[in-house]
Amino acid sequence: MNVVRLLAVRDSELSLDEVRAAVADPRAGGIALFAGAVRDSDHDRQVTGLSYSAHPSAADELRRVAAEIAEKFDVIGVAAVHRIGDLAIGDLAVVVAVSCPHRAEAFDACRALIDELKESVPIWKHQRFADGASEWVGTP
């Protein structure tokens, strides 16, 4: 059975249920899921919205990261979906999930998955602030 079950970089709304269902398995005693949402402030500045842009290699890099997590941990299922385009406050920007035989492994693998995704998948955030300013985050 394929361990990496759902990977996507898409411009449509993300679903917690879709990602959880992708990693659900009768052998899994633990499913850890992380959902990253657009917040209304960053470093004491009011955020009014943002957009995400992805390099054409983002999906391939996401696949590499997911495979790495599957190799490193005792994983049953891995899923990761990142949104691109314009997002409003409260929208889901990223959802990742990992299923494992036990909860501790699921938590550890899920944290490693989101941390490595944020570190190495070429997706960049352009934040817009209430004062009219904007900034790119995560660009090389």
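**Strands and pockets**

Analyst: Let's start with a strand pair: Gly77 has Ser99 in E7 as its bridge partner. Note that this is a predicted model, where local features need pLDDT of at least 70, side-chain atom pairs count only at pLDDT 80 or more, and totals for chains, interfaces and linings use all residues. Residues are numbered from 1 along each chain as its sequence is written, and side-chain values use heavy atoms, with hydrogens and water left out.

User: How many bridges join E5 to E7?
Analyst: Six, and the two strands run antiparallel. Strands (E, at least two residues) and helices (H or I, at least four) are DSSP runs numbered from the N terminus, and two strands pair if DSSP finds at least two bridges between them.

User: What about E1 and E5?
Analyst: E1 (residues 4-10) pairs with E5 in the parallel sense, over six bridges. Val4 has Val78 in E5 as its bridge partner.

User: Is E5 buried or exposed?
Analyst: Seven of the seven residues of E5 (residues 77-83) are buried, so the strand is largely enclosed by the rest of the structure. Buried means under 20% relative accessible area, exposed over 50%, and partly exposed in between (1.4 Å probe, protein chains only). Both faces are covered, with Gly77, Ala79, Val81 and Arg83 on one side and Val78, Ala80 and His82 on the other.

User: OK, on to E8. How many of its residues are buried?
Analyst: Six of the seven in E8 (residues 123-129), so E8 is largely enclosed too. Seven bridges join E8 to E4 (residues 45-54), antiparallel, and Ala54 has Ile123 as its partner there.

User: And what do E8 and E9 form?
Analyst: A hairpin with four residues between them, where Gly132 in the turn has a positive phi of about 95 degrees. Arg128 stands opposite Ser134 in E9.

User: Switching to pockets: what volume does the largest pocket have?
Analyst: About 250 Å³. A pocket here is an open set of points on a 1 Å grid over the protein atoms alone, where a 1.4 Å probe fits, with protein on both sides within 12 Å along at least five of seven lines; lining residues have an atom within 4 Å of a point. The volume is the space filled by probe spheres set on the points, which are joined across faces, edges and corners.

User: Which residues are closest to its centre?
Analyst: Of the 17 lining residues, Ala37, Arg39, Tyr52, Lys118 and Lys125.
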